[in-house]
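The sequence and structure are shown first.

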Amino acid sequence: MVDKVNLSNPRLYYKLDPGEPGLANSAPASMSVLRVAGQELANYLAFKREAEREGGFIIGGGIHLDLRKRGSFLAAVAGRTQVWIYAPGRTTKQGTPNEENQGLQVQDGISKNDVSEKIRSLYRELQQTVDPAEREKIEREILLLQMALNALIAGLKIPGFLVGILLDQVA
């Protein structure tokens, strides 16, 4: 004899952020992941179109869903799309060009040239090292500095002291 399974599938009601395009349709808990993921994918594509209009591209980000148990289902109760757009030549709020080839921009005293030079010196050191543990350490340091350099290029506001710590740490 098979016991009757009692499933609870409540209806979830969503609100869009102010100014966000889309429809604030409700969905049953069983379909909520599809509903929220679809809305967030539409937001991601809108960000991608915006970047392309400005002559740039998306360099990072993602879609995040807030999953909670609702009734008998694991449901998406909210979603968030976050992207970092890099557009060469785009002006910042101060009206200065958002450089790509100007190695002179300094953020909190750290220039991209400093970080690039340190990466080049680490690559030279990596070529001369034969110890596998030392090679792994240098590769890790290069990766950290490349992430810091990408953040500087993208114009992300990271404190200069963090990049300085990286530069000092790998020195």
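## Surface and overall make-up

The accessible surface of the chain amounts to about 11600 Å², and carbon and sulfur atoms account for 56% of that area. The model is a predicted one. Of the 171 residues in the chain, 29% count as buried.

The chain holds four helices and six strands. Read from the N terminus, the order of its elements is β-β-α-β-β-β-β-α-α-α. Taking contacts between residues at least 6 apart in sequence, 46% join residues at least 24 apart.

## Nonpolar surface patch

A nonpolar patch on the surface is formed by V33, L41, L45, I63, L65, L67 and L74, which together have about 560 Å² of accessible area. Two or more of the patch residues come from each of α1 (32–53) and β3 (57–70).

One of the patch residues, L67, is found in strand β3. L67 counts as partly exposed because its relative accessibility is 40%, and the partly exposed class lies between under 20% for buried and over 50% for exposed.

## A buried arginine

R35 is located in helix α1. R35 is buried but has no salt bridge. The nearest side chain of opposite charge belongs to E40, 7.7 Å away.

A polar atom of the R35 side chain lies 3.2 Å from the backbone oxygen of N25. Leaving aside residues up to four places away in sequence, R35 touches Y14, L23, A24, N25 and A27.

Terms used
Residues are numbered from 1 along each chain as its sequence is written. This is a predicted model: local features need pLDDT of at least 70, side-chain atom pairs count only at pLDDT 80 or more; totals for chains, interfaces and linings use all residues. Side-chain values use heavy atoms; hydrogens and water are left out. Patches are made of residues with over 30% relative accessible area and no salt bridge: like charges are joined within 9 Å, nonpolar side chains (Val, Leu, Ile, Met, Phe, Trp, Tyr) within 5 Å. Accessible areas come from the Shrake-Rupley method with a 1.4 Å probe; for residues, only the protein chains shown count as cover. A salt bridge is a side-chain nitrogen of Lys or Arg within 4 Å of a carboxyl oxygen of Asp or Glu. Buried means under 20% relative accessible area, exposed over 50%, partly exposed in between (1.4 Å probe, protein chains only). Lys and Arg count as positive and Asp and Glu as negative; His and the chain ends are not counted. A polar contact is a pair of N or O atoms within 3.5 Å; within protein, one must be able to donate a hydrogen and the other to accept it, and residues adjacent in sequence count only if both atoms are side-chain atoms. Contact means heavy atoms within 4.5 Å.
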